[in-house]
Amino acid sequence: MTGLTYELKAEKTTIGRVEDNAFQIAESSVSSHHCEVLLKGTDVVVRDLDSTNGSFIEGHQFTGESTLKPGQILRLGQVQLRLESGQPASSSKKSLDHTMVLPQGVKMNELETGTGKQVKFESSSPFGKKNNKTALIFIAISVVLGIVIIIFLIKANQQVGTGQ
């Protein structure tokens with residue numbers, strides 16, 4: 001969502017994760033109806049709507065209403081928004097802090113020939129190879145329990161067959 005802008009035209013603008021908001025932010029840390037932005041004269045007022053992850057202006061959490069000034073950062077959950085005035089930005093515009101280039105994906109012909117790029121994940125990556133130790137323990141316990149149940153059923157069947 002880096003670089004996305006929304007012009008505040010209405011007296012009240014709702015912001016949240018679901019589609020019925022005027023400004024939808026489809027991010028899990030943003031509540032379904034996170035806050036409202038109110039235009040009160042020349043002031044821009046933000047009203048938190050009892051959001052789960054909170055609303056912050058310049059790193060300070062607020063409940064209820066708080067005034068947002070041009071240039072200040074409004075953080076909703078993990079999403080940061082900056083209020084800009086309607087005036088054109090100067091040539092010394094601050095670069096965005098979290099812009100990054102995403103690598104190109106796999107092309108169709110690379111899928112067919114298998115000549116695609118190899119991706120290696122670091123061990124600290126949340127996408128690293130999973131440890132199968134837990135699965136192996138679960139399978140071993142399941143096999144042992146299965147054998148115990150089968151033995152129990154055989155013994156019970158033998159006792160019923162002999163009339164004991």
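The structure is a predicted model, in which local features need pLDDT of at least 70, side-chain atom pairs count only at pLDDT 80 or more, and totals for chains, interfaces and linings use all residues. Residues are numbered from 1 along each chain as its sequence is written, and side-chain values use heavy atoms, with hydrogens and water left out. The chain holds two helices and nine strands, where helices (H or I, at least four residues) and strands (E, at least two) are DSSP runs numbered from the N terminus.

**Overall composition**

- Read from the N terminus, the elements follow the order β-β-β-β-β-β-β-β-β-α-α.
- The chain has 164 residues, of which 20% count as buried; buried means under 20% relative accessible area, exposed over 50%, and partly exposed in between (1.4 Å probe, protein chains only).
- The accessible surface is about 13,300 Å², and carbon and sulfur atoms contribute 56% of this area; such areas come from the Shrake-Rupley method with a 1.4 Å probe, and for residues only the protein chains shown count as cover.
- Among contacts (heavy atoms within 4.5 Å) with a separation of 6 or more, 25% involve residues 24 or more positions apart.

- Four strands form an open sheet in the order 6-5-8-9, with antiparallel pairing; two strands pair if DSSP finds at least two bridges between them.
- Strand 6 (60–62) and strand 9 (79–82) are the edge strands, each pairing on one side only.
- From one strand to the next, the twist averages 30°, with axes taken as lines fitted to C-alpha atoms (for helices over the stretch in contact) and angles running from 0 to 180 degrees between N-to-C directions.
- Strand 5 (residues 55–57) and strand 8 (residues 73–76) run antiparallel and are joined by three bridges.
- Phe56 has Arg75 as its bridge partner in strand 8.

**The largest nonpolar core**

- A nonpolar core is a set of buried Ala, Val, Leu, Ile, Met, Phe, Trp, Tyr and Cys residues joined through side-chain atoms within 4.5 Å.
- The largest such core has 16 residues, and those touching the most other members are Ile15, Ile25, Val46, Leu68, Leu74, Leu76 and Leu81.
- Strand 3, strand 4 (43–48), strand 8 and strand 9 each give two or more residues to this core.

**Ser28 and Ser29**

- Ser29 is located in the loop between strand 2 (23–24) and strand 3 (35–40), and Ser28 lies in the loop between strand 2 and strand 3 as well.
- Ser29 counts as buried because its relative accessibility is 8%, whereas Ser28 is exposed because its relative accessible area is 66%.
- The side chains of Ser29 and Glu27 are joined by a polar contact of 2.3 Å; a polar contact is a pair of N or O atoms within 3.5 Å, and within protein one must be able to donate a hydrogen and the other to accept it, while residues adjacent in sequence count only if both atoms are side-chain atoms.
- Leaving aside residues up to four places away in sequence, Ser29 touches His34, Asn53, Leu76, Gly77, Gln78 and Val79.

**Loop residues with positive phi**

- Asp50, in the loop between strand 4 and strand 5, has a positive phi near 55° although this residue is not glycine.
- Asp50 counts as exposed because its relative accessible area is 74%.
- Glu58, in the loop between strand 5 and strand 6, has a positive phi near 55° and is likewise a residue other than glycine.
- Glu58 counts as partly exposed because its relative accessibility is 41%.
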